[in-house]
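Here's a quick briefing for anyone meeting this structure for the first time. Take a look at it, then read on for a few places to start.

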Amino acid sequence: MAHSLLSHDVYDEEKISAMDYYPHPYLPLLENTSTTLFPKIPDETVGHKRLKRTTSTNSLNGMSRLQFRDHIWTYSQRYLAAEAVEAAADAMMGSSEDGKTAEDETGDEMRLVYLLVSCTEAVACRDKPRASALLSELRASTLVFGSSFQRVASCFVQGLADRLALVRPLGAVGFVEPTMNLMDNASDKKEEALALVYELCPHIQFGHFVANSAILEAFEGESFVHVVDLGMSLGLAHGYQWRQLIQSLADRAGPPLRCLRITGVGLCAERFLVIGDELEAYAQSMGIHLEFSVIESNLENLRPKDIKQKDSEVLVVNSILQLHCVVKESRGALNSVLQIIHELSPKVLVLVEQDSSHNGPFFVGRFMEALHYYSAIFDSLDAMLPKYDTRRAKMEQFFFAEEIKNIVSCEGPARVERHEKVDQWRRRMSRAGFQPAPLKIVAQAKQFLGKIKACDGYTILEDKGCLVLGWKSKPIVAASCWKC
C-alpha cells in the first residue's frame with residue numbers, strides 16, 4: 001500500500017489516516033510523538049488539497065523541495081501511528097525492569113529513522129551540505145554488529161553515500177551513472193555470502209522447491225524433457241536445484257526417463273560448465289542420461305534461435321530471482337524476453353521473485369519501501385543467528401547490502417534490482433500472453449519449511465494461485481507458475 005501513495009499523480013493529504021497507511025511492523029516503534037522529530041511542512045502547504053506531479057522529464061530532479069517534504073510528511077504519519085501499537089503492546093505485557101532499556105533502544109532506533117528520512121530527502125533534493133552532515137551523524141550511529149535495525153541502516157547509509165557522490169549539484173541537469181558489470185559474480189566474498197544465504201535462509205530453497213514441484217508435474221509421464229534455466233540458479237555452486245530434480249526424476253514411478261536436457265543461460269559460461277560436468281556425473285550415478293549446455297548471453301540479448309529444441313521433448317523455463325533485472329523504465333527489455341519465452345511455447349514457466357515494490361518512479365518512496373522490506377529480512381537474521389556470528393555479517397554485508405546499495409544509489413541501466421509485487425507481475429505476464437497455472441502445494445511447502453528447519457516466524461501463504469514466503473506477515477519471496 002505504501003508505494004501507491006507515490007505512484008499516483010495526486011493525493012489528498014488532509015484525508016490520509018496514519019493507521020490506515022502503516023502496514024509495516026519492522027521499523028522501530030515510536031516512543032515520542034513530538035513533531036520536532038520529523039521534517040516540518042512549510043506553511044504554504046496548509047489548505048492545499050492536491051499536489052500534482054511535475055511535468056519535467058526527469059521527475060526526480062524536477063520536483064521541488066516542497067513536494068519531497070510532503071512525501072516525507074506522509075511517511076512520518078505512519079511512524080507516528082506506531083506509538084499506539086507500542087502502547088497497546090506495553091499494556092498487554094505489563095511493565096518490567098527491562099522496560100527502560102527497551103525504551104532507550106527504541107528511542108535510539110527512532111532517531112535513526114528520523115536521520116535516514118531526513119538524509120534521504122536531502123539527497124533527493126541534491127542538498128549536498130545537509131546530506132553530508134546527516135551522513136556523518138548516521139555513520140556514527142549505525143553499527144555493523146549492532147541491533148537489527150542499526151545493521152540494516154548501515155547498508156542504507158552506504159547506498160545514500162554512493163548516491164550523493166554521483167548526483168550533480170543544484171542547477172545541474174541529470175544524474176551521473178556509475179559503471180557496473182551487471183553479471184559480475186567473481187567476488188569470492190559474494191559467492192560465499194550467496195552460499196550462506198542458500199544454506200541458512202529459506203528464500204532460495206523455497207523457490208527451488210516450488211519450481212521443482214511444478215517442473216516434476218509438467219514432466220509427469222514424459223521421456224524426453226528439457227529445462228531452460230535463466231541465470232542458471234544464480235550461479236550457485238554444484239547445481240543444487242537440479243541435483244534435487246534429478247533425484248526426484250530417478251525416484252518417480254512410471255516410464256523411465258530417456259533424456260534430460262538442461263540449458264543454462266548467463267555470462268558465467270566457464271562456471272556453468274563446471275556445474276554441468278558435476279550434474280552429468282551425478283545424473284549418471286542415478287541412472288539418468290543428462291545433456292548439459294550453456295548459452296553465453298545476458299537475458300536482454302537472448303534470441304529464440306539460441307535455444308535448441310528437439311522434437312517430442314517437453315520444455316519448461318525456470319527463472320529464480322532473474323527477470324526483475326530486465327524490468328527497465330521502458331519495459332522493452334522485459335517484454336522482449338517474455339516474447340522469446342512465449343515463442344518457445346514451454347509447458348510451464350516458473351517465476352520466483354522478491355515480493356516488494358522497489359521500482360517506483362520516486363526515489364524517496366523506493367527508499368522507504370526498501371527500508372521496510374530489508375528491515376524484515378534483517379529481523380529474521382537476528383532471530384536466526386547471534387549478533388557477532390560472522391556468517392550473519394557476511395550475508396548482510398556482501399549479499400543483502402549489495403541489493404540495497406543498487407536500489408538506493410543507482411538509476412537507469414545500472415539499477416538492476418527492480419523488484420516488484422506479485423500483482424504487478426500478474427499484469428506483466430498477462431500482457432505478454434501468459435496464463436496463470438495455480439500452485440496447489442501449500443501444505444507440501446509448509447512441510448518443506450519444517451524439513452529444512454526454517455526459523456520460527458517464516459510463513460507460507462497462497463495468494464491467487466501464487467505461493468508467498470514471508471517473515472511475520474511481511475512478504476519476502478513469491479513463486480508463480482505460468483503457461484502459454
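## A first look

The place of Ser473 is in the loop between β8 (466-471) and β9 (474-483). Keep in mind that this is a predicted model. In this model the chain has 15 helices and nine strands, and buried residues make up 53% of its 484 residues.

- You'll find His238 in the loop between β1 (224-230) and α9 (240-251).
- His238 has a relative accessible area of 34%, so it counts as partly exposed.

**The nonpolar cores**

- The largest nonpolar core takes in 102 residues.
- Among the residues with the most contacts inside that core are Leu116, Phe156, Leu160 and Tyr374.
- Helix α12 (residues 363-384) is the top contributor to this core, giving 12 residues.
- There's also a second, separate core of 24 residues, which includes Leu323, Val326, Ile341 and Leu349.
- As background, nonpolar side chains tend to be buried together in soluble globular proteins.

**A pair of packed helices**

- Helix α7 (residues 188-200) packs against helix α8 (residues 202-218) at an angle of about 70°, with the two axes 5 Å apart.
- Since 65 to 115 degrees is the range for roughly perpendicular, α7 is roughly perpendicular to α8.
- On the α7 side, the contact is made by Leu194, Val197, Tyr198, Glu199 and Leu200.
- On the α8 side, Pro202, Ile204, Gln205 and His208 make the contact.

**Cysteines**

- The disulfide count comes to zero.
- Cys410 counts as buried, because its relative accessibility is 3% and the cut-off for buried is under 20%.
- Cys325 is partly exposed, with a relative accessible area of 23%.

**The chain as a whole**

- The accessible surface comes to about 21,400 Å², and 52% of it belongs to carbon and sulfur atoms.
- Among contacts in the chain with a separation of 6 or more, 79% are between residues 24 or more positions apart.

Methods
Residues numbered from 1 in each chain as written. Predicted model: local features only at pLDDT ≥ 70, side-chain atom pairs only at ≥ 80, totals over all residues. Heavy atoms only, no water. Core = buried A, V, L, I, M, F, W, Y, C linked by side-chain atoms within 4.5 Å. Buried < 20%, exposed > 50% of the residue type's maximum accessible area, 1.4 Å probe, protein only. Helix = DSSP H or I, 4+ residues; strand = E, 2+ residues; numbered from the N terminus. Contact = heavy atoms within 4.5 Å. Areas by Shrake-Rupley, 256 points an atom, 1.4 Å probe, with all protein chains shown as cover. Disulfide = S-S within 2.5 Å. Axes fitted to C-alpha atoms, helices over the stretch in contact; angles between N-to-C directions. Parallel < 35°, antiparallel > 145°, perpendicular 65-115°, else oblique.
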